[in-house]
Amino acid sequence: MRTEKEILDLIIKTAEEDERIRAVIMAGSRANPKCPKDIFMDYDICYIVEDVAPFYNNTEYIERFGELLMLQMPETMRGAANDGSFVYLMQFADGNRIDLSFTSEKYEDDGEPAIVLLDKDNKVQCGTDDAIYHVKPPTENDYFSCCNDFWWCSMNVAKGIWRDELPYVMEMYHEVVRKNLHSMIDWYIGMKNNFAVSVGKSGKYYKNYLSKKQYEMYKATFSGSDYDDVWKSLFKAGDLFRAMALGVGIHFGFTYLHEDDRRVCSHLKQIRKLPQDAKEVY
């Protein structure tokens, strides 16, 4: 695997030798001093150019960066943003990855940590503070909506299990119920750390901020495809959500939906006992 110095030297040298490239910015984890360093960190690079057109879908140009294992070009795929930029997501055979974007837009410091690697016109400014990623405090409506949606959609998981609709069960549990669980965990961690920390993408730093017991509870919310396993995980998710929500509610003076919690949990337990040929719920 090529070293960080070798990769950055190549990125900068390419820009120095090409007058069309006016500046080079590195963002992402490598620009954030608070991110733990490892061998899988991407190089998130932005080339600011005078005109994107010559670099648009120009696979010959990127051959200089190394032997590709796989390439993705979002602007050529369905759902493309078409915002005038062009991005090459390059996974190399040596294990390195460069996410390289070309844009003709003036670089605006949006608060995301970034490092100026080259600025031919002395026009680019950016910082390395990661406050933009810090957990934000919830409003009362954020809190209410999260609680309401968590318990409401838990009933959808139960309904899907009874109907033997596994894809629906997994989507509802892992994409909807879990999203609300993550929101509450984020707020809990933020509350405990004066909202001055980031939990990372998809909560990847939860282990750093939750107690060992809390993290074990979180791990227990994951399930396989066996419905009995899903049931156990769903109730574990409810236990963890309740614990987090009560703490967040007390801290902010928000009212927890105790009755929704109690009624839904009772409803879930009854559905779990319900035979597949039942004509009525109760």
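In this predicted model, helix 5 (residues 212–219) packs against helix 6 (residues 227–252) with the two axes 9 Å apart and at an angle of about 140°. Angles over 145 degrees would count as roughly antiparallel and 65 to 115 as roughly perpendicular; helix 5 and helix 6 are therefore oblique to each other. Their crossing is left-handed.

Each helix contributes named residues to this contact, as listed here.

| Helix | Residues in the contact |
|---|---|
| Helix 5 | Gln 214, Met 217, Tyr 218 |
| Helix 6 | Asp 239, Leu 240, Met 244 |

Sorted by class, the contact between helix 5 and helix 6 has four nonpolar residues, one polar residue and one charged residue.

The next topic is the nonpolar cores. The largest nonpolar core has 44 residues, and the members that touch the most others are Tyr 143, Cys 147, Val 157, Met 184, Ile 185, Trp 231 and Phe 241. At least two residues of this core come from each of helix 2 (140–163), helix 3 (166–192), helix 6 and helix 7 (258–273). Helix 3 gives the most, with eleven residues.

Which residues does Cys 147 touch, not counting residues up to four places away in sequence? Cys 147 is in contact with Met 184, Phe 241, Ala 245, Tyr 256 and Leu 257 when those sequence neighbours are left out. Of these partners, Met 184 and Phe 241 are, like Cys 147, among the core residues that touch the most other members.

Note on methods
Residues numbered from 1 in each chain as written. Predicted model: local features only at pLDDT ≥ 70, side-chain atom pairs only at ≥ 80, totals over all residues. Heavy atoms only, no water. Axes fitted to C-alpha atoms, helices over the stretch in contact; angles between N-to-C directions. Helix = DSSP H or I, 4+ residues; strand = E, 2+ residues; numbered from the N terminus. Parallel < 35°, antiparallel > 145°, perpendicular 65-115°, else oblique. Left-handed = near helix turned anticlockwise from the far one by under 90°. Contact = heavy atoms within 4.5 Å. Nonpolar A, V, L, I, M, F, W, Y, C, P; charged D, E, K, R; others polar. Core = buried A, V, L, I, M, F, W, Y, C linked by side-chain atoms within 4.5 Å. Buried < 20%, exposed > 50% of the residue type's maximum accessible area, 1.4 Å probe, protein only.
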